[in-house]
Amino acid sequence: MDVLFTAEFWTALMSIVIIDLVLAGDNAIVIGLAARNLPKQDQTKVIIWGTIGAVLIRIAATMGVVYLLKIPGLLIVGGLLLIWIAIKLLVEEKEHDVKSGTSIWAAIRTIIIADAAMGLDNVLAVAGAAHGSIMLVVLGLTISVPIVVWGSTVVLKLIERFPWIIMIGSAVLGWTAAKMFVGEAFLKDFFVNPVIKYGFEAVVIAFVLVVGILVKKKRTQEKAAV
């Protein structure tokens, strides 16, 4: 139980919650869109069961990735993927083109399939931030999923009003990616020196933010020129 009182545990848990809030906000919108054509009395039922199904799959997938990341070399692969996801988060504007189900079970199925497809980046990010701890995975999802599902509109409005929230999310993803590199078994000797370790993490975060902002700016200019 001593692990619950360490700074590392609470930092990792906070990282997971931030990652979930930033990456999973759109998944909550999928839930609403999938249920939009059903009668009001059925919408709540669909949202609840669709969310339960999606969360169970998310937890199972994340636990699977947690174990996979223990394979030598895969932390580096995961770190590279997270860097790409972090940059993509800054650059892309997501669209929500989801067909609404015409029955309760069709809507639930749509929610689960759409969430599974959209949640791959979230699964990898959470697994990386958890550092092999299943407790962190479960706690992080337990805290953030209800916020995302029931407060998705508020979360997305905050992101639209305060774009720097996305930058914080990308920075956290970049930091998580850097820590995956640092945690790789055959690279640990290289990062024994704290200056090299924290310097590397700072460089990765800066790289993610600078590249993301520059690419975003370039795309905005290209759109304006059309």
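Residues 24 or more positions apart supply 87% of the protein's contacts (heavy atoms within 4.5 Å) with a separation of 6 or more. The model is predicted: local features need pLDDT of at least 70, side-chain atom pairs count only at pLDDT 80 or more, and totals for chains, interfaces and linings use all residues. Residues are numbered from 1 along each chain as its sequence is written, and side-chain values use heavy atoms, with hydrogens and water left out.

The secondary structure comprises 10 helices and 0 strands. Elements are DSSP runs numbered from the N terminus (helices H or I, at least four residues; strands E, at least two). The exposed surface comes to about 12,500 Å² (Shrake-Rupley method, 1.4 Å probe). Carbon and sulfur atoms supply 71% of that area.

The largest nonpolar core holds 41 residues. Such a core is a set of buried Ala, Val, Leu, Ile, Met, Phe, Trp, Tyr and Cys residues joined through side-chain atoms within 4.5 Å. Ile 19, Leu 82, Ile 83, Leu 136 and Leu 173 touch the most other members. Two or more residues come from each of α1 (7–23), α3 (40–68), α4 (74–91), α6, α7 (134–150), α9 and α10. Helix α4 gives the most, with 10 residues.

Leu 82 touches Leu 124, Ala 125, Leu 173, Thr 176, Ala 177 and Met 180, with residues up to four places away in sequence not counted. Ala 86 lies in helix α4. Ala 86 counts as buried because its relative accessibility is 0%. Beyond its neighbours within four places in sequence, Ala 86 contacts Ser 170, Leu 173, Gly 174 and Val 208. Ala 86 and Ala 171 are 85 residues apart in sequence, yet their C-alpha atoms are 7.4 Å apart.

The second largest pocket has a volume of about 300 Å³. On a 1 Å grid over the protein atoms alone, a pocket is an open set of points where a 1.4 Å probe fits, with protein on both sides within 12 Å along at least five of seven lines. Lining residues have an atom within 4 Å of a point. There are 15 of them here, and Leu 75, His 131, Lys 179, Met 180 and Gly 183 are the closest to the pocket centre. Helices α6 (120–130), α9 (164–183) and α10 (194–225) each give two or more residues to the lining. The largest share, 4 residues, comes from α9.

Key
Grid points are joined across faces, edges and corners, and a volume is the space filled by probe spheres set on the points. Buried means under 20% relative accessible area, exposed over 50%, partly exposed in between (1.4 Å probe, protein chains only).
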